[in-house]
Amino acid sequence: MKRLQTRVLILGGGATGTGLARDLALRGVQCLLAERRDINAGASGGNHGLLHSGARYVASDVEAAVECREEGAIIKRIAPQCVDDSGGIFVAVQGDDERYVADFERMCAKSQVPVRELDVLAAREMEPTLSDSLIAAYAVEDASVDPFMLSLDNMAQALSLGARYLRNSKVVGFVRDGGRIQFTRFNDETTGEFFEVEAEIVVNATGAWAGLVAAMAGAHINILYSSGSLLVTQDRITRRVVNRLRKAADSDILVPGGTVSILGTTSVTINSPDDCRPTVAETNLIIDDARAMIPVLETTRYIRAYSGVRPLVISGDGSDARSVSRGFSLIDHAQDNVGNFITITGGKLTTYRLMAEKTADVVCEKLGVDAPCLTRTEPLPASSMGKWTEPGRAPKSWIQNRDADDLILCECEMVSKNAIDSIIGNMVGMRGNSMLKAIGLRSRVGKGPCQGGFCGLRITGHLYDQGHVQGGHGITELKSFVGSRWRGFSPILWGLPLVQADLQEALYCGALDMELDHNTEYFSCEDDE
Amino acid sequence: MTRDDAIYDVMVIGAGFAGMAAALFASAQGLRVVQAGATGGIDFSTGFIDLMGVHPVEEGHRWNNPWSAIKAVVRDCPKHPYGLLERREIEESLDIFTGFLTEQGLEYVGRKERNTCAITPAGTIKRTYRVPRTAWNGSVALGKKAPALIVDFHGLKGFSGKQLVETQQHNWPELRSVRIDFPGGRGELYPEHLAWALADPLIRERLVASIAPHAADVEYVGFPAVLGLNDPQKVVTHLEELFGKRIFEIPTLPPSIAGPRLRAVFDRGLPSQGVRTLSQKLVTQVRKMDGGMFQFDVGSGAARVTVVAKAAILATGRFFGKGLWADREKLTESVFGLPVVQPENREGWHRSEFFDPKGHPANTAGIEVDSRFRPLGTSGLPAYENLFAAGAILAHQDWMRMKCGAGLAIATAYKAVEELNK
């Protein structure tokens, strides 16, 4: 079995894991990050992309509010390429709890979260889609952040400083040597091969899967899985982040994400983090609730739904996900008699850097490394790995290059052949079970109204042309890609998206017979029944 | 707004396969026909005419004999619209329909008792009943696994000869591909432009000259379907003469040129049969007049036309054709507000996996008809004496999974016209 060596092994390629890889790399500590699927495949890619000002938490969790205020400001400063500093507003409508509204400014002051009361009419001028039944409005310093660009940029800098990473590598077990992990055993899901990594310290940054991974090492964490679903609109509905000024509920926040808006979030307790998917019922809940704040959300066109799992670490038998702390948990498993094993989970996208810093501090202490954290001040360089996630980047690059042979393969989001080739180049192998999915994660491919139906076919042709797929694998990978887009597409199928889905069915099944098995059946065309 | 003072025998609502077929059959029977409807599925058609290919869909069982397949589906799903048709009626409808296409220069071929295997632009093999003459040699070559070369072009996206060769490698080892520059083509190429360019015999000669060095040892040469718009057979014949090889076309991804070819045939052929076409216009209002006739508003604004017809055929399709429309709670029929057979709520419309072998329940939703193809009202009796329905809007069939789209559209249109004319 192949065996790799590193000082620190990081499990999980979400915001925390990639942030930790960068933090350690900046401190000069050798590390290797291993991710089961792909960058941000879990909750880091399944959230609002909201850079909290802290105002959301002033009533429920002062500590979280303060952390968000501080960290939000740091991310805006060090990673401006990932942030749309749109500002945010909190609004209440008729029928909302007026005591909560009346208390808001005082609570913000307690956490030193900047807030400014707005005239209701002025608020509606700032955001014309707001309801005409507003009773209160406040301006805050919310922003939106591109979590994919953030993690890819973190990983890119870590790699440039000597860190390594492996995707599609699933932890299958740990080899213990007394009170420590000697080897971590993996399965490479692309090749099917098993391999081991020997590390001085293992950090479990697997998010919602942290409990399952820890259990394999003989450690125990009690995690409540809270699935949250969100909806993506076809157009950007507001310029700013809009929050409902009330106690947290299903459909409180609308966050701009480039050319779209993202609405959510529900909170549904599920049994396993692998069960997470958006449902029709959640879609209805979100819209029924949100239209009081922004009426056009009832009639606007939605592009897709998606979801992520919040890992809520509990002590005792907490059962309501919203009341359990959303702060992060840093656990030294020396308490479970595994001395070189640390879990970092929970928390928020906004505080990922702080989580990485605190974890790296513990790692360095255990390693006896005396190097200060640099991520608080050191700018995060924009990378070629992360750049294609930005809406508008691909068309801009295509127009600037004026290459007549550079065909647009994804017409909804204008992603060209050269852009696809650049993304593939940056993937350095490690394609997982579908190269198309990996391309989609790193770009806008599949994110427009066609939801991958047309661009998936065109890009598949290109992958065949370039020799990236052979035999029937291109078709298998295409089916897997379209199948995974369907998870987010199927809950929003009414109106025009249903028309689009009908076209997709007519194309893939009606015209191309792709639902049928094409591996076993080639020769029977001329047989009689 | 203009008013058409004529009283038509029938208004055909819809311009997909079913609408076009209904207008054709009705005018052939001497009825005075007016037709309205936006571009239907025809524009996204591959040009293949499926009759019946898969049943039961959950088993993905493919049939080489479509008539046996129809028998089986009617036995197992008695409400399938084919259950309301005799084989004779289906055959006759297809003969008239393809006969009309052939007359108009778009010849269709196939075998009487069996489906034909055709290669798709994805490289998969599908069964269909009638194919354009220009695609036929592809099926013959596939059947014989003959040495063949697929040609594709720099700049024509979504069609990869290499993909076809790779996906067929075990089945058709002597299939190869080559990518060439289209004569005079630069940058991005579109099927329609290539088709126009190939109207020029000189371009064909240059094309053959650039392929010939790659095609020495093959019997067949396949192209993406770009070989001429109005008279593709002429282009194919000329290429065969120049080449000394058998030539065939493979449909490109929709919207391919197959759609415009079919549409052009109907745009030429239906008016010359006396059909008044209000193309690209939707029916916006319908009123029942004294004496039972229908009055329709077609189109909107200044371009709106009002027409009166003694009867109507509803051939508006399912979701893509906008015959059915969905809000968050339910599916409704767009023109008459007819009852729609459908799952109880939206959670039941689609399955959680796109490629679920059972297909999606929303795709068997639609309107129910009596034995004369008259849509049923809430009472379970025909909603109107003089309203008939045909094509994809009919409930209890999933044409995309069963591979019965065009055949069902044509045959039910035929029957609806027969009943209307009784």
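Predicted model: local features only at pLDDT ≥ 70, side-chain atom pairs only at ≥ 80, totals over all residues.
Where in chain A is T265(A) found? T265(A) sits in the loop between β16 (260–264) and β17 (268–270) of chain A.

**View 1. A cis peptide bond at G264(A) and T265(A).** Here the peptide bond joining G264(A) and T265(A) is cis, with omega at about 10 degrees. For background, most peptide bonds are trans. T265(A) belongs to the loop between β16 and β17 of chain A.

**View 2. A cis peptide bond in chain B, joining H55(B) and P56(B).** Omega for this bond is about -10 degrees. P56(B) is in the loop between β2 and α2 of chain B.

**View 3. Positive phi at Q112(A) and at K145(B).** Most residues other than glycine have a negative phi. Q112(A), which isn't a glycine, has a phi near 55 degrees. Look for Q112(A) in the loop between α3 (98–110) and β6 (116–118) of chain A. Q112(A) counts as exposed because its relative accessible area is 59%, and the cut-off for exposed is over 50%. Over in chain B, K145(B) has a positive phi of about 50 degrees, and again this is not a glycine. K145(B) is in the loop between α4 (133–144) and β7 (148–153) of chain B. With a relative accessibility of 25%, K145(B) is partly exposed.

**View 4. Where chain A meets chain B.** On each side of this interface there are 63 residues in contact with the other chain. Size is often quoted as the accessible area lost when the parts come together. For chain A and chain B, the buried area is about 5,700 Å², with carbon and sulfur atoms giving 60% of it. On the polar side, 23 residue pairs are in polar contact between the chains (both residues at pLDDT 80 or more). Which elements of chain A each supply at least two residues of the side that touches chain B? They are α7 (280–290), β21 (408–410), α12 (453–465), α13 (473–489) and α14 (495–511). The largest share comes from α14(A), with 14 residues.

View 5. Side chains of opposite charge can pair when their charged atoms come close.

**View 6. R263(B) and D43(B), a salt bridge within chain B.** The N to O distance is 2.6 Å. R263(B) is in helix α9 (residues 258–272) and D43(B) is in the loop between β2 (33–39) and α2 (66–76), so this pair ties together parts of chain B that are 220 residues apart in sequence. R263(B) is buried, at 13% relative accessible area.

**View 7. One helical turn in α3 of chain B.** E91(B) and R87(B) form a salt bridge, with the closest N and O atoms 3.2 Å apart. The two are four residues apart in helix α3 (residues 87–103), so about one helical turn separates them. Is E91(B) buried or exposed? E91(B) counts as buried, at 18% relative accessibility. R87(B), at 32%, is partly exposed.

**View 8. A salt-bridge network in chain B.** R88(B), E89(B), E92(B), R372(B), K415(B), E419(B) and K422(B) are all linked here. Zoom in on E419(B) and K422(B), whose side chains meet at 3.1 Å, N to O. E419(B) is buried at 4% relative accessibility, whereas K422(B) is exposed at 73%.

**View 9. Buried G88(A) and the residues it touches.** G88(A) is in strand β5 (residues 88–93) of chain A, and has a relative accessibility of 4%. Setting aside residues up to four places away in sequence, G88(A) touches Y138(A), A139(A), V140(A), D142(A), R240(A) and V241(A).

**View 10. A nonpolar surface patch on chain A.** M1(A), V172(A) and F194(A) make up this patch, with about 310 Å² of accessible area together. F194(A) is in strand β12 (residues 194–204) and is partly exposed, at 45% relative accessible area.

Conventions:
Residues numbered from 1 in each chain as written. Chains lettered and ligands numbered in written order. Heavy atoms only, no water. Patch = residues over 30% accessible without salt bridge, like charges linked within 9 Å, V, L, I, M, F, W, Y side chains within 5 Å. Areas by Shrake-Rupley, 256 points an atom, 1.4 Å probe, with all protein chains shown as cover. Salt bridge = Lys/Arg side-chain N within 4 Å of Asp/Glu carboxyl O. Buried < 20%, exposed > 50% of the residue type's maximum accessible area, 1.4 Å probe, protein only. Contact = heavy atoms within 4.5 Å. Buried area = accessible area lost by both parts, 1.4 Å probe. Polar contact = N/O pair within 3.5 Å; in protein donor to acceptor, adjacent residues only side chain to side chain.
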